[in-house]
Amino acid sequence: MPAMPAVPDYTGKTGPQIANAKADYATALQVYNTAHSLEKQLKNQIIKAVPRLFIGELEHPAHGYALVTTRELLTHLMSNYGTLNAEDLQDNLNQLGKPWDLDMPIETIFNNVAKCCLLAEEGGDPITEQTAVRTILQAFNNSNLFEHAVREWRNKPEAEKTVKNIRTHFQEANRMRLKDNPTKRSEKAFATKEKAGTTPNATQVTEPAVNANQGRYYCWTHGGTYNKNHTSKTCTKKAEGHNCEATFENMLGGNNTLQRK
């Protein structure tokens with residue numbers, strides 16, 4: 001951090017010398033003000049982002065964090081919480097293999113793997129790209145939603161089996177899946193969720209979106225169910241872009257999965 005510049009002494013200086021001294025002082029003062037402004041902004045961001053539990057011991061009873069620098073805050077956090085131990089790394093590996101919640105968008109698989117790989121690298125025990133690819137493939141294989149896409153991926157040359165390519169491959173497969181006709185869609189995904197006991201719950205409704213002829217109810221995010229309390233309007237785990245007006249008669253581009261009893 002730059003120190004406050006001293007006001008120039010113009011005694012015995014010529015006009016050009018005074019002008020140069022003033023210009024130098026103005027520049028130094030601008031640097032000082034900019035640096036301290038940035039310091040204040042960075043410190044405020046840290047204080048806002050980090051729970052008080054982790055930085056509260058640096059807080060002064062009267063001055064708060066006014067006398068604490070950004071460097072001191074970061075040093076405190078890194079010294080006390082920034083070191084990953086063996087248990088942390090093992091928990092991270094367990095998180096890497098966490099099954100895909102079919103209520104969540106497909107991007108959650110890729111984001112989870114990326115986060116785990118970054119944490120492992122920070123801990124000095126990096127996860128190889130081959131392991132990341134296998135983990136992603138296993139998640140989609142277990143979902144029973146992408147049988148054809150999984151076979152296609154396994155038939156690809158080994159050199160093409162990268163994290164970037166598997167993301168593109170299954171994102172396209174997912175777009176095609178959501179465009180399928182409901183009568184042709186595989187119901188294995190809902191069967192998997194029923195077996196695991198992970199079908200979503202919802203609250204009571206007075207006017208559910210229902211097809212009276214079939215006794216089915218519809219949710220834009222999760223597709224067709226037999227649960228009258230789970231509709232597009234009452235869903236409690238909405239995906240991005242969820243449309244509350246979607247019904248069986250007009251799915252409005254929503255999930256066309258059909259749950260079976």
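Leaving aside neighbours within four places in sequence, which residues is Leu89 in contact with?

## Leu89 in helix H4

In this predicted model, Leu89 lies in helix H4, which covers residues 86-96. Setting aside neighbours within four places in sequence, Leu89 is in contact with Leu84, Leu119, Ala120, Gly123 and Asp125.

Leu89 has a relative accessible area of 16%, and because buried means under 20%, Leu89 is classed as buried. Pro126 is 37 residues away from Leu89 in sequence, while the C-alpha atoms of Leu89 and Pro126 are 9.7 Å apart in space.

## Asn112 in helix H5

Helix H5 spans residues 107-122 and includes Asn112. The relative accessibility of Asn112 is 16%, so Asn112 counts as buried. When neighbours within four places in sequence are left aside, Asn112 is in contact with Gln95 and Leu96.

## Helices H6 and H8

Helix H6 is made up of residues 129-143 and helix H8 of residues 163-179; their axes come within 9 Å and cross at roughly 20°. Because angles under 35 degrees count as roughly parallel, H6 is described as roughly parallel to H8. The crossing in which H6 passes H8 is right-handed.

On the H6 side, the residues that meet H8 are Glu129, Ala132, Val133, Ile136, Leu137 and Phe140. On the H8 side, the residues are Val163, Lys164, Ile166 and Phe170. By class, the residues of this contact between H6 and H8 are eight nonpolar and two charged, with no polar ones.

Note on methods
Residues are numbered from 1 along each chain as its sequence is written. This is a predicted model: local features need pLDDT of at least 70, side-chain atom pairs count only at pLDDT 80 or more; totals for chains, interfaces and linings use all residues. Side-chain values use heavy atoms; hydrogens and water are left out. Axes are lines fitted to C-alpha atoms, for helices over the stretch in contact, and angles run from 0 to 180 degrees between N-to-C directions. Helices (H or I, at least four residues) and strands (E, at least two) are DSSP runs, numbered from the N terminus. Angles under 35 degrees count as roughly parallel, over 145 as roughly antiparallel, 65 to 115 as roughly perpendicular and the rest as oblique. A crossing is left-handed if the near helix is turned anticlockwise from the far one by less than a right angle, and right-handed if clockwise. Contact means heavy atoms within 4.5 Å. Ala, Val, Leu, Ile, Met, Phe, Trp, Tyr, Cys and Pro count as nonpolar, Asp, Glu, Lys and Arg as charged, and the others, Gly among them, as polar. Buried means under 20% relative accessible area, exposed over 50%, partly exposed in between (1.4 Å probe, protein chains only).
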